[in-house]
Amino acid sequence: MLEVEKKKSEIKYSVLCPLFSVFCLLVFFGCRRAEDTSYKPEVITTKTGIEMVAIPAGWFLMGDDNGAADERPAHKVLISAFWMDKYEVVQEEFRKYQLPDPSHFKNPRNPLERINWTDAALYCNDRSRAEGLEPCYDEQTWQCNFEANGFRLPTEAEWEYACRAGTTTKYSFGNDVRKLKTYAWFAENSSGKTYLVGKKKPNPWGLYDMHGNVAEWCNDYYSESYYKQGPDRDPKGPAEGEEKVLRGGAWNSSADSCWSSYRASDPSLNDTCLASDIIGFRCVRTALNTAITLPSPDGKEDTMRMDSTSPLGTSSPQVLKTGFVYDDIYLEHKTTPGHPESSQRLVAIVERLKASGSYSDGFDKLTTRLFVLTPGPAAMEWIETVHSSHYIERVKVSCENGTAYLDSLDTPISEKSYEVALIAAGGVLTAIDAVMQRKVTNVFCAIRPPGHHALSDRAMGFCIFNNIAIGTKYLQKKYKLQKVLIVDWDVHHGNGTEAVFYDDPTVLYFSVHQYPFYPGTGRQAEKGSGKGLNYNINVPLPAGSGDNDYLKVFREKLEPAALLFSPDFVLISAGFDACKGDVLGGMNITPQGFAQLTQIVKSIAEKCCEGRLVSVLEGGYDLDVMSASVEEHIRVLMRDPALTSTSSVESREPK
Ligand SMILES: [Zn+2]
């Protein structure tokens, strides 16, 4: 039981406001996280000099099946990466913004207390403005805009996730209550007051005073029922309520009330009164992408600097975003009615990403989530690195003449197909430029027509120019990179790409595909020739292969070969026609399976070449499954939540 008292003020302008509802017991259960507790997140110092800890994305088990009613059931929750104040907000920090310090136990480095929820939110806004960030709170409605890049109060789920720091025990240090006094100021050792922040031991992620000292405001309204039914991904609490959530216990709390899953709440939203002297808070800031660093692609100075490596282990802490190449011009390559390679494919992808909030025409979203790159046509000198000038001319003339098909009936063309095909190749070059110029870490190119079947002098299999091969040549000639890895997971063998690099030891072409199948090539025995021998790896799989078959290939064949090769850049021929349900494919990869494959390729890029990776759309013809797979693929590229580490990806349990 807790001893947080519940006092009710009857006088409107009284100094002391009500406080704290009481919630009993909780018993431990705990949570599960991808990383172990030896994981040490980085600490950054913000522009205004506040230390924040980079909390990695991940799953954990929130609540406690043996706890109080409002902690049940323990449920799996996915949390996106965010930054959290290392310490509770202290009084001197609060006073910087000319806000009246309401604290009872006055000391500049003691936690601020007697702070009502609204004033805590106001402080978050002031601090955001001081750092040039967009404030999260509407100062009329006090609604939180989670898309804003400023500071806010943590969600209840974020708070518990950060408190647990990978532990599954009652407290972030284990189950032994005798240790609590080394981690917390609480009823047994506080002598009835608060203390300087940071004087007790931190939790495994380096956060201080998560147990005790002052209880901390969360952004969420308190609700027992929401807790039971809320979403499993970044739950944000109910839309309305009477009380806001408090977490962590305070100087007057019993040991039990300091448990990681203990929930409390308080109604002090009212501006006119102060909260109890057991209530304080700390701020968080959403980490919208891989990390927060250096100048962002739009040229705006970011407000945080990195002190060490990224929280998620990338070897390149400097680049942050995932690029997205797309332009409506790609819809202008018209195929015949009913043809699977239609413009609807890209429409489906963009709609899917817009609906899921990772792509937007709006400036804010665009710069904070995906970095949209607008492609131009590839210069002829680059097309000619792969295709004969005779063929290029033939494509051009065929389109001008209104020819219906190029080389075979499977590759229909239209008036603008030549122009669009140049821009498809150009899209890959735009993506490469953005990565090489460190505007982004990686890019997904939503382009068409696809390319991996296109030969030097012949169109094939819906493909006109071999986009990925042209990109490879571009990397080697323009950027002088020596070794490029191409991973081709389209259900079809990329015969065109194989042909271009068959005798080239500087390009490792790795294709996993259905065999026998179109286009008839891709036997395991095709290993390259001359100096290129063994730099061409084909892994034929039978029809019906699924996630586990592909994962096995990626882990046992791709990973060792790729690490040995140690590429300077990684390209993916990302066809999604091996999706379960694809009209042409006959394979069974799920969207989650693609997430796992992506994670493996991405980790190769991180280990070998600072994460430099460009993924290029090839096939994929079932609009729903394909676009769902593209979303999962992009989420991994962006390091969005669950998908950031291999183990958390695995927790998604592909069928
Ligand atoms: Zn294909």
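Set aside its neighbours within four places in sequence, and Val 443 is in contact with Thr 322, Gly 323, Phe 324, Val 325, Leu 373, Ala 431, Ala 434, Val 435, Val 614 and Ser 615. Keep in mind that this is a predicted model.

Now step back to the whole chain. The protein chain has 655 residues, and 59% of them count as buried. Its secondary structure comes to 16 helices and 19 strands. Take the contacts between residues at least 6 apart in sequence: 73% of these join residues at least 24 apart.

Where does Val 443 belong? Val 443 is one of the residues with the most contacts inside the largest nonpolar core, together with Ala 425 and Cys 445. That core has 110 residues. Helix 10, residues 417-436, gives the most to this core, with 13 residues.

An open sheet of 8 strands runs in the order 13-12-14-19-18-15-16-17, with parallel pairing. Strand 13 and strand 17 (536-541) are the edge strands, and each pairs on one side only. From one strand to the next, the twist averages 15°.

Follow the pairing through part of this sheet. Strand 12 (residues 322-325) runs parallel to strand 13 (residues 370-373), and 4 bridges join them. Here Thr 322 has Leu 370 as its bridge partner in strand 13. Strand 12 also runs parallel to strand 14 (residues 442-445), again with 4 bridges. Gly 323 stands opposite Val 443 of strand 14. Strand 14 in turn pairs with strand 19 (residues 613-617) in the parallel sense, over 4 bridges. Cys 445 has Val 616 as its bridge partner in strand 19.

Which residues lie on the two sides of strand 12? In a regular strand the side chains alternate between the two faces of the sheet. In strand 12, Thr 322 and Phe 324 are on one side, and Gly 323 and Val 325 are on the other. All four are buried, and both faces of the strand are covered.

Helix 13 (residues 547-565) lies across strand 15 (484-488), strand 16 (507-514) and strand 17, and runs at about 170° to strand 16. Helix 14 lies across strand 15, strand 18 (569-574) and strand 19. Helix 14 runs at about 165° to strand 18.

Helix 14 also has a helix partner. Helix 14 (residues 591-609) and helix 15 (residues 623-637) pack at an angle of about 35°, and their axes are 8 Å apart. The crossing is right-handed. On the helix 14 side, the contact includes Phe 594, Ala 595 and Thr 598. On the helix 15 side, it includes Val 625, Ala 628 and Glu 632. By class, this contact has 7 nonpolar, 5 polar and 3 charged residues.

Strand 2 (residues 51-55) and strand 5 (residues 82-85) pair in the antiparallel sense over 4 bridges. Met 52 has Asp 85 as its bridge partner in strand 5.

Two local spots complete the tour. Gly 132 is found in the loop between helix 2 (117-130) and strand 6. Gly 132 and Gly 150 are 18 residues apart along the chain, and their C-alpha atoms are separated by 8.4 Å.

Helix 3 (residues 156-164) is another case. 9 of its 9 residues are buried, so helix 3 is largely enclosed by the rest of the structure. Among these buried residues are Glu 156, Trp 159 and Arg 164. Just after helix 3, Ala 165 takes a positive phi of about 50°.

Methods. Residues are numbered from 1 along each chain as its sequence is written. This is a predicted model: local features need pLDDT of at least 70, side-chain atom pairs count only at pLDDT 80 or more; totals for chains, interfaces and linings use all residues. A nonpolar core is a set of buried Ala, Val, Leu, Ile, Met, Phe, Trp, Tyr and Cys residues joined through C-beta atoms within 7 Å. A residue is buried if 20 or more other C-beta atoms lie within 10 Å of its own, exposed if 12 or fewer, and partly exposed in between; C-beta atoms are placed from the backbone. Two residues are in contact if their C-beta atoms, placed from the backbone, lie within 7 Å. Two strands pair if DSSP finds at least two bridges between them. Axes are lines fitted to C-alpha atoms, for helices over the stretch in contact, and angles run from 0 to 180 degrees between N-to-C directions. A crossing is left-handed if the near helix is turned anticlockwise from the far one by less than a right angle, and right-handed if clockwise. Ala, Val, Leu, Ile, Met, Phe, Trp, Tyr, Cys and Pro count as nonpolar, Asp, Glu, Lys and Arg as charged, and the others, Gly among them, as polar.
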